[in-house]
Amino acid sequence: MTSVVLLAAGRGVRMRSSRPKVLHEAAGRPLVDRALDTAFAVAGDPANVVVVVSKEGTAVGAYLKANHPKVKTAVQDPPRGTGDAVRAAAKTGAFGKAKTVVVLSGDVPLLEAGAVKGLVDALNKDKKAAVAVLTATLPNPTGYGRIVRDKKKSFVRIREEKDSSSSERKICEINTGTYAFDRAFLEKSLPLLTSENSQSEFYLTDVLSLALKAKRKVVTVSGDPGAALGVNSREDLAVVDGLLRERAVRAAMRGGTTIRRPETVTLDETVVLEPDTTVEPFVTLLGKTVVGSGTTIGQGCVVKNAVFGQNVTVRPYCVIESAVVGDGCVVGPFARLREGTDLAAGVHVGNFVETKKAKLHAGVKANHLTYLGDTEIGPRTNVGAGVITCNYDGFAKHKTTIGADVFVGSDVQLVAPVTVGDGAIVGAGTTVTKDVPRDGLAVARVPQKNLEGGGAAYRARKKKS
Ligand code: UD1
Ligand code: CA
């Protein structure tokens with residue numbers, strides 16, 4: 001059995017953030033989730049994974065409880081280095097009688113499970129080996145622990161950048177922070193760690209030196225430099241985010257999405273694009289967004305957690321969040337669909353229309369300059385330009401219900417709560433304050449006066465003065 005420890009208790013000082021580093025997101029997912037993907041794949045069962053967190057009840061602990069209730073947590077308080085973190089995990093008894101303990105860092109998000117499994121195999125192949133460490137050779141190794149070797153190229157130690165000499169700094173082979181340990185040896189060694197280094201921390205990397213001292217072997221496995229990137233700063237985060245989003249865009253194209261300017265498109269990894277979709281330039285699709293086949297998302301749209309059916313046309317520059325858009329709808333340009341918008345098939349929502357908690361049944365048209373909030377509108381109803389549901393009376397929100405086949409003329413205000421019956425007509429400019437009966441006609445306007453020659457007389461008066 002393999003037990004996996006995921007280190008996530010570090011302060012992440014270099015992020016300069018009140019949010020724990022591992023909860024920062026790349027391509028729409030917290031870093032810790034990526035590391036957990038790897039941890040689960042290696043451990044087989046989430047119950048064999050223990051995450052080291054900094055304090056009881058902090059954000060990381062709460063996040064794990066809510067999203068990954070099966071993983072164990074170990075509290076390291078205060079965080080005094082990676083060795084101390086693994087100690088905290090060992091103390092909980094989480095390793096049991098596991099043959100191997102794998103240690104992963106919560107801030108190395110591009111690591112693949114295959115590389116870690118290879119590391120475990122490398123450890124198990126060599127009877128004398130106490131630990132296998134994944135290394136990588138980077139053109140710029142700044143910030144990482146270096147793999148120091150002797151003349152015969154045998155492993156000697158890992159030296160942290162802050163503790164290293166200028167010649168050691170030139171070493172380009174680095175420690176990725178990924179290890180497979182013989183569990184028994186690890187447990188014996190952890191109490192022997194000291195904090196005699198520039199950071200006064202207990203370094204996990206010192207366990208490797210202890211292995212050599214105990215005449216055991218340290219196996220090094222050289223891995224993909226692209227997967228080694230550790231996130232220590234916001235700059236690192238941007239690099240990881242960019243790489244993952246680029247991958248997501250490429251995967252979308254392979255999956256049948258037309259993206260003509262891929263370098264301008266921002267996709268969270270969690271977005272689902274069905275085949276034969278089109279994403280135009282400068283589109284941002286985030287969260288749990290799903291785009292059905294045949295649908296086009298127009299230039300410059302920003303979309304989060306929205307579900308689009310098939311053959312939807314979203315014209316340019318719409319902002320859409322937590323909305324459901326049915327088959328064949330036409331949206332925008334410049335529409336804003338907010339949370340709780342639910343458009344059935346064939347609905348048209350045009351330019352400068354805002355919707356919120358609005359259920360529009362099949363074939364509804366609201367094409368221009370309209371606010372529809374807290375409302376349900378029956379099939380085939382036409383909502384004219386400039387219509388406003390007055391849903392808020394200064395104290396509470398109220399609902400507007402409009403039936404099927406209604407014609408709401410331009411510049412109508414519907415003062416909620418109010419109901420307009422099926423087949424009714426509301427004249428342009430009406431302020432609807434009373435329910436309109438089925439097939440009724442509502443008009444509320446100041447009667448128009450026409451003064452014969454009044455326009456000319458007015459102009460003449462103005463000219464004189
Ligand atoms: C560490 C390694 C370094 C390696 C690099 C790879 C050590 C001493 N150094 O350095 O050799 O090249 O990772 O990315 O191990 N953590 C805790 N508790 C602590 C301190 C850290 O849980 O007390 C966690 C952090 O949350 C993080 C991981 O351990 O997920 C690594 O810690 P970090 O401080 O980032 O170590 P590096 O300086 O990057
Ligand atoms: Ca790090």
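A polar contact is taken here as a pair of N or O atoms within 3.5 Å; within protein, one must be able to donate a hydrogen and the other to accept it, and residues adjacent in sequence count only if both atoms are side-chain atoms. The structure is a predicted model, in which local features need pLDDT of at least 70 and side-chain atom pairs count only at pLDDT 80 or more, while totals for chains, interfaces and linings use all residues. Residues are numbered from 1 along each chain as its sequence is written, chains are lettered from A and ligands numbered from 1 in the order in which they are written, and side-chain values use heavy atoms, without hydrogens and water.

Glu160 places a polar side-chain atom 2.7 Å from an oxygen atom of the ligand. A polar backbone atom of Gly10 is 2.8 Å from an oxygen atom of ligand 1, and a polar side-chain atom of Arg14 lies 3.3 Å from one. Of the 760 Å² of accessible area that ligand 1 has on its own, the protein covers 91% (Shrake-Rupley method, 1.4 Å probe).

The calcium ion, ligand 2, is coordinated by Asp107 (OD) and Asn232 (OD1) at 2.3 to 2.5 Å; donors are N, O and S atoms within 2.8 Å of the metal, or 3.2 Å for Na, K and Ca, and sites may look incomplete because water is not among the atoms. Asp107 lies in the loop between β6 (100-105) and α4 (113-125), and Asn232, 125 residues apart from it, in the loop between β11 (217-222) and α8. Helices (H or I, at least four residues) and strands (E, at least two) are DSSP runs numbered from the N terminus. Both Asp107 and Asn232 are buried (under 20% relative accessible area; exposed is over 50%, partly exposed in between; 1.4 Å probe, protein chains only).

The largest nonpolar core holds 51 residues, defined as buried Ala, Val, Leu, Ile, Met, Phe, Trp, Tyr and Cys residues joined through side-chain atoms within 4.5 Å. Its members that touch the most others include Leu285, Phe308 and Ile320. Strand β27 supplies the largest share, four residues.

Two backbone features concern phi. Asn311, in the loop between β20 (307-308) and β21 (313-314), has a positive phi near 55° and is partly exposed, at 49% relative accessible area. Asp374, in strand β28, has a positive phi of about 50° but is buried, at 11%.
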